[in-house]
Amino acid sequence: NRIPHTRAGPSLLLRFKFLLLLQKPYPPRIAGRRSSTPRKSSTVEGYSRQRASGGTVGEEVGFGAGMEAQATATVKEALAALYHHPDDTIRTAADRWLQKFQHTLDAWQVADSLLHDESSNLETLMFCSQTLRSKVQRDFEELPSEAFRPLQDSLYGLLKKFNKGPPKVRTQICIAIAALAVHVPVEDWGGGGIVNWLGDEMKSQQEFIPSFLELLIILPQETSSYKIAARPERRNQFENDLCSSANVALSLLTACLGFDELKEQVLEGFASWLRFCHGITAATLASHPLVHTALSSLNTDQFLEAAVNVTSELIHFTVSRDSCGITEQFPLIQILIPHVMGLKEQLKDSSKDEEDVKAIARLFADMGDSYVDLIATGSGDAMQIVNALLEVTSHSEFDISSMTFNFWHHLKRNLTGRDSYTSCGSEVPIEAERNRRMQLFRPPFEVLVSLVSSRVEYPEDFHTFSEEDRRDFRYARYAVSDVLLDATDVLGGDSTLKILFMKLIQACGSGAEQNQNWQPLEAALFCIQAIAKSVSIEEKEILPQVMPLLPRFPHQEQLLQTVCSTIGAFSKWIDAAPAELPILPPLVDILNKGMSTSEDTAAAASVAFKYICEDCRGKFSGSLDGLFQIYHVAISGVGGYKVSSEDSLHLVEALSVVITTLPQDHARRALELICMPIINSLQEIIQQGESALQQVPARHLTVHIDRLSTIFSNVKLPEVVAEAVNRYWPTLKIIFDHRAWDTRTMESLCRSCKFAVRTCGRSMGITIGAMLLEIQTLYQQHNQSCFLYLSSEVIKIFGSDPSCASYLTCLIQTLFNHTIQLLRTIQDFTARPDIADDCFLLASRCIRYCPDLFVPTEIFPRLVDCAMAGVTIQHREACKSILCFLSDTFDLAKSPEGEKYRDLINTIVLQRGATLARIMIASLTGALPSGRLEEVSYVLLSLSRAFGGNMLNWTRDCIALIPPQALTDSERSRFLTIISDASSGSSLGSLTDRFAEISEVCRRNKAVQDIVQAALQPHDLAFMVAPQHS
């Protein structure tokens, strides 16, 4: 079955040509000038034969000689404009036209003709080879079935034509032939498939071996290319065909070893084919000439990279899931490891090219990752590999050193994970073997800690780094932190701390305390804070020595930042420290210094202060005055602190958690003290008058409202917070009333109210009623989506409370009635994705928390209609919320809790079932991005479970609309089986992959996807949500 396609008519060609003719100094083509018409290629001749026989598909594919010449000339002119015209507008227009042209049916013939034309320049050859490649990949189904042979012959001729280049053009032709092989069954290439066909050609026409060899390399690479619009079963069959042809491919590659100039290509081809060689035993490969060539080439500069790639693939081959087990792979492993280990000395060779050293290091890292289970046994050979990997880790270049980090992580997991010891039998031998291995690997991990800890040291020229370089340096420090944490799992946090403490002591003796050489000191301290979570809070040897050192360190900016972070990281240990160690006051002084040094140190100090107050809150109960002083200085912006408004939230949170520990009367007073500066600042703005309140930048309001949010979220005293909310509600209401048009302010204010509702719950009393009345009134005037989100939070807290039923019912009706008027068509959804998202989040929460107030009402079926109108919105979160609402609706009908609503939901869904199923199948097959597959699959699953037989009939009717060229009878049957299995109770996990296969079939190229969507979403489905009847 072939996909019909419309081609660009003369008007499209002439439109661009006319644009070019109007531009100067670009010269028009001279009228009557003799043009050189390219000869018709074998493909075109094949098409012409179709036309001569009266075939209608051939008439669609071909066009007359005059029109062909016109299209060819226009392509040439467009390319000339794209590459050489001085006017950007013309170049952009040319690029746009050429991209459109590539999607037309005419592109087959024009590209083929120009590639065969001896006069075509490099630009034309590149464009046409890319065009022909992309047409074969994605649009092969456009062609009549009889076109395969002439297309194959044409591509074969082009492959030989470009045997000596240009290389990029030849590569495009090779990819096109590989894509063609994916599309058609093995029989179309002769009995043995494309590999045997290629072998015959290589034997009979040796002068073209470079081209044939490149095709042989590309064939296995293209199997995983999803640019090729092949059906999944055809793609799988092609992979099986390649596996069956692996021996032939290796024989062809071996034969090419006789050509010295092709050796690198041969090795590249061998690496490509190893993925398909699992029918070949490890013993056979171990003695194979290709393996011998690859391993011997590891010691050559010329072929090192290619040899490394092959060796790496051989290593992966021995541990892949398709292999027969590690024991069966030993013949190959036993020759791979010695050859890799033989490269160890080259890691230290300063004369070696850096890229070669990277290649060797990558090989060691691959070996370690792949054989980590063998290495973890701790044999003598295994420890030699570990020592070699330590050599890589010690390399001065971080890019090389970090290649081993994954290995150390995997080794740690193997040593500490119980699954690694199941072969030992019972608990006693398991524990004995685990202890043996942990002791054996302690020395390497101790060395590892010493090696990586030096990687985090600030360079002397750090101040000259670009932002990108600074980002890379931060990434390197994070990566080292992860390695150190892995080491603590093997060594223990306290033991790792001892190693790092020695680094700190060494740094202290190198003049760091005089600010002369602060970098080693900062590096050691950074590593210490990185492992803080792994250090016991009972640690009594090292940390009591570290903490008194911190106030003595110089206040160099980066060092002070790390000191502050270290204080925060060890907050739990500081809380548990013996009372006789008066360490907290000097540490708070350091944090004060950090807040007044720079924005970066202030940020670190603010976070540390939050952790200190969270974990040491009991120690601060008698020091509230000092805390309030820090708080007031930070939020007032005077007093020398350099705390940003965002970082000040950490201080607000710090004080809030301390207030939570106070007796209620004291907490009430303390809460008023931290809220008053905020409320006073807001009232100052309000008192300037309505005009000033309307015009003030949102930031001037939200900086204060966000602090209230932090207080309401972290003071865990419902009654106390409820009193504060009630007291400050008049101020908040004024902002609601006068800034409801301002999305940023409303989002901040609704966030504050959300946290108040969460913390206070039913303690809010009458304030919650006033709040809901406010937002439902303002929502109808200003359409702010955050009002819906706040309402969903209220439903979550109060939905099951019978005493709230009256005003919640009013809230639901008001919000949904207004939203449905806003979201009538898919265009409305696209224009208001935030409203769609929060509306259906609210609807789902109504189903879960107060279905009695929602499902039996007249608004519920109207909201189902609204969901159907907007479910294909491309906005991710909005789409997910709508899909979630639909699945919640169907699940409710099937659940025991929803039994009383079952008849009502059945009536609603059965009236809409055929249309709903059609929309969801359209969503599965292309109306929604493939990233929504899991959510769409679950809606189909829940719909099938709730309406089994009906859903099967709806699906059958839907897929009958899809033309056979898009979906075959067997694919339709598979789809119906999936729906049947879903209605029978199959799990989502077992069905998602099967839904994905159908989805892939219907999305395999744009033409197919357009056909499917046109069939499933005709104009009569673009309905509008009916307005509410008065």
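The model is a prediction, with local features taken only at pLDDT of at least 70 and side-chain atom pairs only at pLDDT 80 or more, while totals for chains, interfaces and linings use all residues. Numbering runs from 1 along each chain as its sequence is written, and side-chain values rest on heavy atoms, with hydrogens and water left out.

The overall picture is a helical one: the protein chain has 54 helices and zero strands, these being DSSP runs numbered from the N terminus (H or I, at least four residues, for helices; E, at least two, for strands). Its C-alpha trace spans about 100 × 85 × 75 Å along the principal axes. Of the 1030 residues, 55% count as buried, where buried means under 20% relative accessible area, exposed over 50%, and partly exposed in between (1.4 Å probe, protein chains only). Among contacts (heavy atoms within 4.5 Å) with a separation of 6 or more, 75% link residues 24 or more positions apart.

Residues 94-146 are 72% helix and 0% strand, with end C-alpha atoms 34 Å apart. For residues 166-310 the figures are 67% helix and 0% strand, and the end C-alpha atoms lie 27 Å from each other.

The loop between H8 (148-161) and H9 (167-183) is worth a stop. Phe-162 sits in this loop and is buried, at 3% relative accessible area. Leaving aside residues up to four places away in sequence, Phe-162 touches Leu-115, Leu-125, Val-169, Arg-170, Ile-173 and Ser-211. Pro-166 belongs to the loop between H8 and H9 as well, and a cis peptide bond, with omega about 0 degrees, joins Gly-165 to Pro-166. Further along, Asn-783, in the loop between H42 (766-782) and H43 (785-798), has a positive phi near 55 degrees despite being a residue other than glycine. Most residues other than glycine have a negative phi, and most peptide bonds are trans.

A cavity here is a set of points on a 1 Å grid over the protein atoms alone where a 1.4 Å probe fits but cannot get out, and lining residues have an atom within 4 Å of a point. One cavity of 30 Å³ or more turns up. The largest cavity has a volume of about 70 Å³, volume being the space filled by probe spheres set on the points, which are joined across faces, edges and corners. Its lining includes Ala-181, Trp-189, Arg-234, Phe-238 and Asp-241, and divides into eight nonpolar, two polar and two charged residues. Helices H10 (193-204) and H12 (232-244) each supply at least two lining residues, with H12 giving the most, at four.

Note on methods: On a 1 Å grid over the protein atoms alone, a cavity is a set of points where a 1.4 Å probe fits but cannot get out, and a pocket is an open set with protein on both sides within 12 Å along at least five of seven lines; lining residues have an atom within 4 Å of a point. Ala, Val, Leu, Ile, Met, Phe, Trp, Tyr, Cys and Pro count as nonpolar, Asp, Glu, Lys and Arg as charged, and the others, Gly among them, as polar.
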